[in-house]
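Work through the exercises below with the sequence and the coordinates open beside you.

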Amino acid sequence: YDIQFEGKRHRVDEVERVLQRWGKGTKRQSTPHLIQCGNREGKDLILAATTVEEGCEAWEKVIKMRFHEAGFNRDSYIKSCTLMGACFYAAEYAEVPLKGTTVKIAKDKFEAHIRTLKNAAKKVERDEKTATTKDTLAKVKAPPYELGGRNAAQTLSNLMVQARICEMLGDGVSVRYVRDWKLPGADGVVEFR
């Protein structure tokens, strides 16, 4: 359907149509754009691997496949993007400004934190000969590293998805990260989460 905003017409897809196209690829972006790429799946792949690096490589392949299946086309008209939910938590962890930042800044911070977590995991695996990636990431969470928040595998998984979202959007796009939205409704402001 079309919406009129500030004197201009904008094409918007209904979520139902977006879901019908799932897996078939799309010709252009939709609002909202849905990409099924759960952080828990990434966490499980990382924890099932022999090393954290191998788990990250496996998760990276899944992420690329999911984004390819979603059929997102990056067009020059994307100027800004609001990301919510897991995106917010990754931004908060990586110390990305939640408002007034560009994709380039966010991507650099996500990638820096991914490198930091992976490098700490490599050091733990090499020096302490941990038996599983779960043991490795438990040590990465503990002093002296203290990385990864409450769940290092899930944090790493989430950061990797966010870096891919940034790649998809392009460096110059303005982004903001929110946990909750307040949307206009019939009875005033409606909380949406």
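Helices (H or I, at least four residues) and strands (E, at least two) are DSSP runs, numbered from the N terminus. The model is predicted, and local features need pLDDT of at least 70, side-chain atom pairs count only at pLDDT 80 or more, while totals for chains, interfaces and linings use all residues. Residues are numbered from 1 along each chain as its sequence is written, and side-chain values use heavy atoms, with hydrogens and water left out.

**Exercise 1.** Determine which element gives the largest share of the lining of the second largest pocket.

Solution. Begin with the term: on a 1 Å grid over the protein atoms alone, a pocket is an open set of points where a 1.4 Å probe fits, with protein on both sides within 12 Å along at least five of seven lines, and lining residues have an atom within 4 Å of a point. The second largest pocket has a volume of about 370 Å³, a volume being the space filled by probe spheres set on the points, which are joined across faces, edges and corners. Its lining comprises 14 residues, of which Tyr 89, Arg 150, Gln 154, Thr 155 and Asn 158 are the closest to the centre. Two elements, α4 (86-93) and α7 (152-169), each give two or more residues to this lining, and the largest share, five residues, comes from α4.

**Exercise 2.** Describe the largest nonpolar core and the element that gives its largest share.

Solution. A nonpolar core is a set of buried Ala, Val, Leu, Ile, Met, Phe, Trp, Tyr and Cys residues joined through side-chain atoms within 4.5 Å, where buried means under 20% relative accessible area (1.4 Å probe, protein chains only). The largest such core has 41 residues, and those with the most contacts inside it are Phe 110, Val 140, Leu 156, Ile 165 and Tyr 177. Elements giving two or more residues to it include α3 (52-70), α5 (103-128) and α6 (133-141), but the largest share, eleven residues, comes from α7.

**Exercise 3.** Is Ser 157 buried or exposed, and with which residues is Ser 157 in contact beyond its neighbours within four places in sequence?

Solution. Locate Ser 157 first, in helix α7. Its relative accessibility is 0%, so Ser 157 counts as buried. With contact taken as heavy atoms within 4.5 Å, and those sequence neighbours left aside, Ser 157 is in contact with Asn 39, Gly 42, Lys 43, Ile 46 and Trp 59.

Conventions:
Buried means under 20% relative accessible area, exposed over 50%, partly exposed in between (1.4 Å probe, protein chains only).
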